[in-house]
Amino acid sequence: MLKRVARALAREGMRTAVLFLLVTLAMFVLLSRAPGDPVSLYVNVQSLSPEEVEAVRHELGLDRSLPVRYGVWLGRLAQGDLGTSLRSGRPVAVELWKTGWRTLLLTGSAMALTLLFASITAYLAAMKRHPVVASVLTAIGYALSGLPVFWLGYLAIYIATTRFQVLPLMMGAESEGGSWAFFLVPVVVLGLGNGTVSEVTRHLRTHLEGVLREDYIRTARAKGASLWRHLYKDGFVMPLSSLLANKIPYVLGGAIVVEQVFNWPGMGRLTWQAASDRDYPTLLGVTLLAALVVRVAHVLKEAVQVAVNPQLAE
Amino acid sequence: MSVYVELAAAPTAVQRVRAWPLRRTVATIYGVSVAALVVAVYLCSVLGLLPRDPDAMALDSMNALPSAEHWMGTDFVGRDLLSRIMVGTQAFFLPGLLSVGVSLAFGALFGVLAGFWPSRFGTIVGILLQLLESLPKLVLILLVIALFRPDIYLILLVVGLTNIPAAAELLRARIAVLRKKSYIEAATALGVPTWRVILKHVLWLHGRGLVLIQATIGMGEAILIETSLSYLGFGVQEPKPSWGNMVALGKDYFFRGELWISTAPAMAILLTVLGFHLLGDALLERLEEGNA
C-alpha cells in the first residue's frame, strides 16, 4: 500500500508542479496586462527626468522581453522572494508567514465542522432511521447555505456579546489571552455559513444511499456484522476526501469575509487590505499561496483515495 | 387494445411532476416562484415602478420598522428599504446572467471537446480546468479588482470563468456515457454530421437538464459573490444599493440592537439564494433518478 500511495503522490506531485508553473504564468500574464506603468509603483515618475525613469526601468528589468522577465520573476519566486508589499514595505513572504497560519487554522477547523455537520445529516437521512431529525438538519443546512456569512457573523457577535458576554468584541492584532470562544465563534460561523453545507450534504447523502444499496452492505447487515466497519471506507472516507479538496477554495474565500467581520488578523484581512490599497505584490502572494493550499489538498485527496481503493492506482 | 396503448404512452409532463415526492415538488415550485419574482422585481426596478423613491431621505423616520407607509421599514437616513431591496436586484441580475452565460458556453465547449474526443483533448482540457479550479474565486477576484478596476461586470465575468470547470466536468461525464450509446453510433453511421449530433442529440436532448441545473446553481452563487464583494466594499458602491452593502451599512445599528436594517437585505439574500439552491437540487435529483 505504501508503494501505491508513494507512486500516487509522485504522480500528483508532478501534476501539481506543472499546474503551478501554469498558475504563475497566468498570474504573470495578468500582471503584465494590468493598466498603468509598473515603474510608477516604485518611484515617483513625475519627479524624475526621462533618463532617470529609463534607468529605473532598466534596474527593474522592465526593458527586457516578456519571456525573460517571466524567467527572472519565476527564479525569484523559487527562492521565496514574492516581492515587497507596496503598503507596509515589508517582504510579502514575511507578511504571509505572519498571517497565513491563522487563516489555515480557521479554514481547516471550519472545513472540518462543515464536513461533520454534513456527515451527520447525510447519515441520518440516508439511514432513514430518524426522519424528523434528518429533515430538520437538512432544512437548517439549506438555510445556512443561503444566509450571507457576514450577516451570520453579525448575529453571532450580537448574541455572544449581549446574551452571554463572552466575546471580546474586536480582536486586536495580538490576541489577548486566547480565549476559546474567541476562536470558536468565527470557526462556527465560517464552518456553517460558507455556503457549501447544503451541497456537501446532498452529495454525501446521494453517495451514501448508493453505497447502502450495495450487495456487500446487505450481506453485512444480514449476518449481523458491524455496518460501520463495512461502510466507512466507501461511504465516508472516499466522498469526504474529495469534497474536502473540492470545497477548500470556497472556504478560503469565505475566510476573507469572516476575518473581516471578526477582525481576525489573518490572511483574509491581509487580502482585503491589499485589495483596498491595490497592493498587487501582496495579492499575488496570497493567490499563489491559496493555489498551493488547494493543490496540496488535491494531492492528499489523491493519496487517500489510492490508499483506500487500489483500483484507482491504474 | 387502447389500454395497452395508453400504458405504453410516455407520461406527460404533468404526470411526471405528479409522481415526484412532495419535498421535491415544493422545492421546485418555490424555486421557480423565486426566479420569476426576481425577474419581475428586476423589471419593475428598471422601469421605475417602485413603492417609494429609493434615494429619498426622510430624517423624521429613521431606522423605522415595517409599517403601512414603509412596508419593510427604513434605513438609518430614512430611505425606504423595500425600494432599495428592489433596486438591489440590479446589482446582480445582468452580471449574474453574464457569469452564467460565460460558464455555460465555455463549459459546453470544453465538456464536448473532452467528452467526444478524450484522446485528443482530454488531457489538455483537464489541465486547463484544474488550473481554473486551483484558484480560489474570491482571491482571484480581489486580485483582478486590484489590477484592473472594481467593475461588477468584470468581477462576475471572472466568476463565470471560474465556474467553467464544474459545467464542463458534468457535461464531459455525461457525454462519455452517451458516446457509447447505440443511437449516437447509429446517427454517426447514418452520416449525420458531428456538429449536428453534438448540438441536437447531446446538448439539446441530453444536456439541457444539466445546463439548466448549472444555470440555477450559477445564479445562486453569483448572488452570494456579488453581495459578499459589495459587503467588503469592492462591488456596488453606496449610494447605489446592493443587498451586500445594505447589510454592511446596518452593522453599527445591528450591534446596538436595531437588527432590522441589516436583517431585511440578509433575508432577501437568503430567500433568493435558497430558491435557486432548492430548484437546482430538485432538478439534479430528478436527473440522477432518471439516469439510475
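Begin by selecting E285(B) and R205(A), which form a salt bridge whose closest N and O atoms are 3.3 Å apart; the term stands for a side-chain nitrogen of Lys or Arg within 4 Å of a carboxyl oxygen of Asp or Glu. This is a predicted model, in which local features need pLDDT of at least 70 and side-chain atom pairs count only at pLDDT 80 or more, while totals for chains, interfaces and linings use all residues. Residues are numbered from 1 along each chain as its sequence is written, chains are lettered from A and ligands numbered from 1 in the order in which they are written, and side-chain values use heavy atoms, with hydrogens and water left out.

**The interface**

Between chain A and chain B the count is two salt bridges, and six residue pairs, both at pLDDT 80 or more, are in polar contact (a pair of N or O atoms within 3.5 Å; within protein, one must be able to donate a hydrogen and the other to accept it, and residues adjacent in sequence count only if both atoms are side-chain atoms). Next select α13(A), which gives the largest share, nine residues, of the side of chain A that touches chain B; helices here are DSSP runs of H or I with at least four residues, numbered from the N terminus. By class, that side of chain A has 33 nonpolar, ten polar and six charged residues, where Ala, Val, Leu, Ile, Met, Phe, Trp, Tyr, Cys and Pro count as nonpolar, Asp, Glu, Lys and Arg as charged, and the others, Gly among them, as polar.

Widening the selection, 49 residues of chain A are in contact with 49 residues of chain B, contact meaning heavy atoms within 4.5 Å. The area buried between the two chains is about 4500 Å², with carbon and sulfur atoms giving 74% of it; this is the accessible area (1.4 Å probe) that two parts lose on being put together, summed over both. Highlight F150(A), Y154(A) and R202(A), which in chain A lose the most area to chain B, together 16% of what that side buries.

**Helix α12 of chain A**

Move to α12(A), which is largely enclosed by the rest of the structure because seven of its ten residues are buried (under 20% relative accessible area, with a 1.4 Å probe and protein chains only). Among the buried residues are M267(A), L270(A) and W272(A). Their cover includes α5, α11 and α13 of chain A, together with α6 (137–147) and α11 (208–232) of chain B. Just after α12(A), R278(A) takes a positive phi of about 50°.

From here select R102(A), found in helix α5 (residues 92–127) of chain A and buried, with a relative accessible area of 13%. A polar atom of the R102(A) side chain lies 3.2 Å from the backbone oxygen of P265(A).

**The cores**

Select M27(A), I141(B) and L229(B), which touch the most other members of the largest nonpolar core, one of 124 residues; such a core is a set of buried Ala, Val, Leu, Ile, Met, Phe, Trp, Tyr and Cys residues joined through side-chain atoms within 4.5 Å. The most is given to this core by α11(A), with 15 residues.

End at G111(B), in helix α4 (residues 81–116) of chain B, which is buried with a relative accessible area of 0%. Not counting residues up to four places away in sequence, G111(B) touches A168(B), L171(B), R172(B) and I175(B).

Terms used:
Helices (H or I, at least four residues) and strands (E, at least two) are DSSP runs, numbered from the N terminus. Buried means under 20% relative accessible area, exposed over 50%, partly exposed in between (1.4 Å probe, protein chains only).
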